[in-house]
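I opened this entry to keep track of what I looked up, in the order in which I looked.

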There are 4 protein chains.
Amino acid sequence: MVGYAFMGAAHSQAWRTAPRFFDLPLTPRLRVVAGRDAAAVAAAAERLGWESSTPSWRDLLTRDDVDLVDVCTPGDTHAEIAVAALAAGKHVLCEKPLANTVAEAEAMAAAASAAAERGVWASVGFTYRRVPAVQLARRLVEAGRVGQVRHVRAQYLQDWVADPQVPLSWRLDRAKAGSGALGDIGAHVVDLAQFVTGERLTGVNGILETFVRERPLPASFSGLSGAAGTGTGPVTVDDAAVFLGRLSGGGLATFEATRFAWGRKNALRLEVNGSAGSVAFDLEDMNVLHFFDAAEDPQTAGFRRIQVTEPVHPYGGHWWPPGHGLGYEHAFSHQVVDLLGDIAAGRQPEPSFADGLAVQRVLDAVERSAGAQGAWVDLP
Amino acid sequence: MVGYAFMGAAHSQAWRTAPRFFDLPLTPRLRVVAGRDAAAVAAAAERLGWESSTPSWRDLLTRDDVDLVDVCTPGDTHAEIAVAALAAGKHVLCEKPLANTVAEAEAMAAAASAAAERGVWASVGFTYRRVPAVQLARRLVEAGRVGQVRHVRAQYLQDWVADPQVPLSWRLDRAKAGSGALGDIGAHVVDLAQFVTGERLTGVNGILETFVRERPLPASFSGLSGAAGTGTGPVTVDDAAVFLGRLSGGGLATFEATRFAWGRKNALRLEVNGSAGSVAFDLEDMNVLHFFDAAEDPQTAGFRRIQVTEPVHPYGGHWWPPGHGLGYEHAFSHQVVDLLGDIAAGRQPEPSFADGLAVQRVLDAVERSAGAQGAWVDLP
Amino acid sequence: MVGYAFMGAAHSQAWRTAPRFFDLPLTPRLRVVAGRDAAAVAAAAERLGWESSTPSWRDLLTRDDVDLVDVCTPGDTHAEIAVAALAAGKHVLCEKPLANTVAEAEAMAAAASAAAERGVWASVGFTYRRVPAVQLARRLVEAGRVGQVRHVRAQYLQDWVADPQVPLSWRLDRAKAGSGALGDIGAHVVDLAQFVTGERLTGVNGILETFVRERPLPASFSGLSGAAGTGTGPVTVDDAAVFLGRLSGGGLATFEATRFAWGRKNALRLEVNGSAGSVAFDLEDMNVLHFFDAAEDPQTAGFRRIQVTEPVHPYGGHWWPPGHGLGYEHAFSHQVVDLLGDIAAGRQPEPSFADGLAVQRVLDAVERSAGAQGAWVDLP
Amino acid sequence: MVGYAFMGAAHSQAWRTAPRFFDLPLTPRLRVVAGRDAAAVAAAAERLGWESSTPSWRDLLTRDDVDLVDVCTPGDTHAEIAVAALAAGKHVLCEKPLANTVAEAEAMAAAASAAAERGVWASVGFTYRRVPAVQLARRLVEAGRVGQVRHVRAQYLQDWVADPQVPLSWRLDRAKAGSGALGDIGAHVVDLAQFVTGERLTGVNGILETFVRERPLPASFSGLSGAAGTGTGPVTVDDAAVFLGRLSGGGLATFEATRFAWGRKNALRLEVNGSAGSVAFDLEDMNVLHFFDAAEDPQTAGFRRIQVTEPVHPYGGHWWPPGHGLGYEHAFSHQVVDLLGDIAAGRQPEPSFADGLAVQRVLDAVERSAGAQGAWVDLP
């Protein structure tokens, strides 16, 4: 694994936990974690349960006992690491967004495609696909219970920088993060919209905004691109993104990603309205899917609040009894389960780097639209 | 009153009821209702409690005992009736949208402005402003509890034509209705967004869509523009509208109006996120306002579910004890209360025809944007 | 009508409004309202829309133009007025609770039974039965969609005297009100539990409590039983009642009625769990019924949030389009509709005085149990 | 650890996970798991991450490398194992309910008390105390934000045996489980009611019911007490329990525990209404606490939906960013954190065996009341 911050902790927990609850065809061993600061990464290895650590991610590529490289670093380093790892014959799980630019993502998708021919697989970590309620939404769409998609309504609302006194960090730095709310959380809802509907966006237009353009510098902050004064530094990414889209099936989509929605802590919401019904999901109530079946007798029709914790549900029966909810991290365990299952079976894991590239193209199109006063941008 | 269908019934109930619960400076008398079909309007007068009826709305203009004309007809007749009534010295309450075109709305606003100089007042019926929870949202914004507005998230979701077998009606006919979801329900959320924030939209871009373009003709249907076959006729308005906007204070707004959201019966939702807090409203739970105060201690901060039924609340103490909810029609009674209060005081009622024109301009800009592949359209 | 306070206003609104929205077989005329204070009742008649007023309710009994007497006074006067009115050949609608004692209620039920033989009908105003969602719950139970009843969970939670500075009023005076939370709001949930399940309680045990035993006297307060000091007076009724019950079908019921649940303004909640499903209702969201169907595929099973505003729903199609909610007062209009329909058809309106007596017996049994340290009390 | 079924899996996950996210003063080592079936327990050890296994729990008592015994077996074995382990100088964590009888619980509490003098500690696993939202409720009560407790409203609703075709299992067998819904889930709400209020129940009365008295025997079922026919066997525990209680501070409490509430999967609900406010919790939305502050300005007062995921919240800042919810199992990790903290500090962990005994006495009192037709039973 490369990187050991928030995402590294979530991935480590998944690698440790998945084999305890699922019968896996392959058994993960947490061999080595890489990070630039040798002392820090050694401490992280101890805390997160890795057998060893190294200050150089390149060490992972030459180790025989490493079969898979899990990339949990900021987006600016994804392309270099993932391409090298694939070239070295390692399977790759890469955190989202796939890259900070479309060019990088294209290179990565090409590398993944070449590697696949050698039986080396790559997948991108749009983990929210693995929330059972999201999987159930996909199942219902696939089974025709939603019908032809008319509307997607997708929001990812947070508030962690709504206070202008929140200091700068790498997520607010374009050089590191590529973009702000758009790439960090907007990427998730774009992927989920495409995943749940099984369709692609064919075009978008949108607006980006940075509400607070200068923020205090943290004492230890060193990653800022460009010089900064002693007190504050510039925010170089978007605080919020709003955009519209067309789906390949003709439906309309609205998207919103923001870090300025006071009181909304992690409100990833996705609603799909089709010709036969609707599904609605909110990550703040993540064990629940709401489903409206238009075929139901009008007298008793209504959104059903489905607790997606039954044995018949996706990933069901492996954790706790019905009604005993899962948390944020479980989606990462499910990612491990699915990924190892696919690798063992010799089939392409989903989402592929091509899926990640598709999302990257949407993000790029939104940025180009925003730069052209919201003009429409077609997607390939 | 002119017109006696859905809106006519709601207005009649309000004229009858408001004086029973509020001390009004003027006492409404339900003198006469006008409608083209003499027998039908006579029956409606009896049912709705009007003293008399007439097949010609022009009769109202010459009656000395008529002080106010309440226009509840489809949008294509608003301009003619309202302008004539104002010219005849009658106060006018006109249902929304103000008109079917900007040109008509401009003429109406000009007529209203001229009439105002003579102490004759005009107001447009954006009734949802009078829902207590919406008024409370406005109060909180005005009092600075929300701060500088960052986001408006406005949706009006219905499903009454999601079934393609729903037959044609005047609301699906451009000649009568002007537009579809955009003007019928989108107009409401545009007005509410501007009302609650106290700001104006400075530009928009958007998409319109008609998902079902041919529908069965009802047996008795006669209002369709253009010839129609025996079986089906064309839908000439939008089924759904999605658009983005900028607020005068720099905030971002997303709008969605649709009649194709299965399971959402009358889901008018408005959320405003500002620098100091957030308010959220859903008409499907209309006695409640959700409010997040960013100044609150993080340990106990959370959206408050305010039941807007206390005596201290807008229109509070006039109906029932706390917790005893109001319904859809009560907003119309509040409209009567406010309108008569303003007329008695000799001041401009709100929303004025100028406010109605502002909404009409937004709707027109959305249509122009939709016609230009979603290009940005500035608003004056 | 006798009485013109909160309940008188609600009843008047219903008498005025019902014929505007429903085709009634009889047309209500608001002839005369009675109240002890001649000036006050005259003003109320004007405000509430009654043709005349009188300081003596006995006047109503001798007027030929009065066919029905609507009793909206405190409970201590119900028996005398209702029995006299029935004897005078007037139909009677009497507010709940039917009486302040079982003996009074028995006398009333006997009088009603005798009157019924003469085609003179009596009904008691358990108005919440007329909320569409409650009617739908009853329909679903009747249709077997809930199955054999296992549990009733009934609560009526308010907070209007949770503040000990709230002054005394007639509702806190045993001589006037008979009991406190038990008879005022507990009566409603007892009736609803029996109505929705179609069963009777066969026994109960419970506890009553008065948390605040002395309260400030209001300046104008005169109705207090027993002497009171200048500053405060005794609360002579229960503040809260909790009790258990057995249903005739073998199910278990829990009840709670309190005026001390801070933040719960008017939370009448009823949930029924049966062998085939569950229904749940909360008056704070009164246009909604939640329904769980145990026969549903587990993959999509969940409580359905039914907006009870469709034309197929009870009282549907008479008011506004789907999703346009009704308020507290609409149940009173439905009561008028049902009552006049039954009188015109010459059939016993429900709930009858016998139903009211059944509730009274439950309340009495709870009081006796509470007086015997919660011992079980069988019901006939 | 003794036992490796549902609870054993949850405890193992906690022992493995807690040290990854919290700085612990002691480092847990998963030395050995015991179970009667040698092959099965060996497999469980492998799956759950234990270093070794044994068919005899007594082996744990003689191993020097075992400092703490975690008892996850059915209730009939708790007393023997726990008392022996404490006598052997091992700290004990024992699943709830503490025992199947008061006599056993008393013996355990006595053993714990004796052990405590030697610095050997015992705690009972009322794990729901460790849900952050429950801890926050306790904090608010302790801080006086709820005031004098007037009402506790506690329910634990499940539906897993509502279908009469669900076969027998040890949880339906009195000899193994002691009681049914009462001891399994009712015990939780009794403990939480006492924990959150900081008060004890001083008396109760209640009813128990077994709705389905015969059930199919599973093919492999062997634990049933008494002989059983080939097809079905008797259910010897309660399916549901309802009871009332008095709190030591004078408040009223209602309790309900049932496995027959169709659609309620794991609805542990606790609401406390006090003189200064209210708190409400529902395990089906476990990351949220609702709080009403009676001191709030009535204009903006309402239940706050607090997402208990902030760094300032109980156990906050150790897992994921705000809004990223925890699941069922995290409470078990928090139990490990608290228990090891207390052991390291040499202080009595909570809940103690004395707390567990207090719960057991309540359960016993409910059973005695139910056996005496709901008569009141005082608690010491």
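Predicted model: local features only at pLDDT ≥ 70, side-chain atom pairs only at ≥ 80, totals over all residues.

**Chain A against chain B**

For the count between chain A and chain B I have six salt bridges. Under the rule for polar contacts (a pair of N or O atoms within 3.5 Å; within protein, one must be able to donate a hydrogen and the other to accept it, and residues adjacent in sequence count only if both atoms are side-chain atoms), I find 16 residue pairs across the interface of chain A and chain B, both residues being at pLDDT 80 or more. On the side of chain A that touches chain B, at least two residues each come from β6 (149-157), β7 (201-209), β10 (240-247), β11 (252-258), β12 (267-274) and β13 (277-282) of chain A; β10(A) gives the largest share, six residues. I take strands (E, at least two residues) and helices (H or I, at least four residues) as DSSP runs, numbered from the N terminus.

With contact meaning heavy atoms within 4.5 Å, I list 46 residues from chain A and 46 residues from chain B. The two chains bury about 3600 Å² between them, with 58% of it on carbon and sulfur atoms, where buried area is the accessible area (1.4 Å probe) that two parts lose on being put together, summed over both.

**Chain A against chain C**

I then turned to chain A and chain C, whose contact takes 18 residues from chain A and 18 residues from chain C. The area buried between them is about 1400 Å², of which carbon and sulfur atoms give 50%, and Gln299(A), Thr300(A) and Arg304(A) supply 44% of the area that chain A buries against chain C, more than any other three residues. Arg304(A) also forms a salt bridge with Glu296(C), the closest N and O atoms being 2.5 Å apart. I count two salt bridges between chain A and chain C, and ten residue pairs in polar contact, both at pLDDT 80 or more.

**Strand β4 of chain C**

Is β4(C) enclosed or open? I found that five of the five residues of strand β4 (residues 91-95) of chain C are buried, so the strand is largely enclosed by the rest of the structure; buried means under 20% relative accessible area, exposed over 50%, and partly exposed in between (1.4 Å probe, protein chains only). His91(C), Leu93(C) and Glu95(C) point one way from β4(C), and Val92(C) and Cys94(C) the other way.

Pairing of two strands requires that DSSP finds at least two bridges between them. Strand β3 (residues 68-71) of chain C pairs with β4(C) in the parallel sense over four bridges, and Val69(C) stands opposite Val92(C). Four bridges also join β4(C) to strand β5 (residues 122-125) of chain C, again running parallel, and there the bridge partner of Val92(C) is Ala122(C).

**Backbone details**

I noted a cis peptide bond between Glu350(B) and Pro351(B), with omega about -5°, and placed Pro351(B) in the loop between α9 (330-345) and α10 (353-371) of chain B. In chain C, the peptide bond from Glu350(C) to Pro351(C) is cis, with omega near -5°.

Phi of Tyr315(B), a residue other than glycine, is positive, near 60°; Tyr315(B) is buried, with a relative accessible area of 13%. Phi of Gln373(D) is also positive, near 55°, but Gln373(D) is exposed, with a relative accessible area of 51%.

Technical notes: Residues numbered from 1 in each chain as written. Chains lettered and ligands numbered in written order. Heavy atoms only, no water. Salt bridge = Lys/Arg side-chain N within 4 Å of Asp/Glu carboxyl O.
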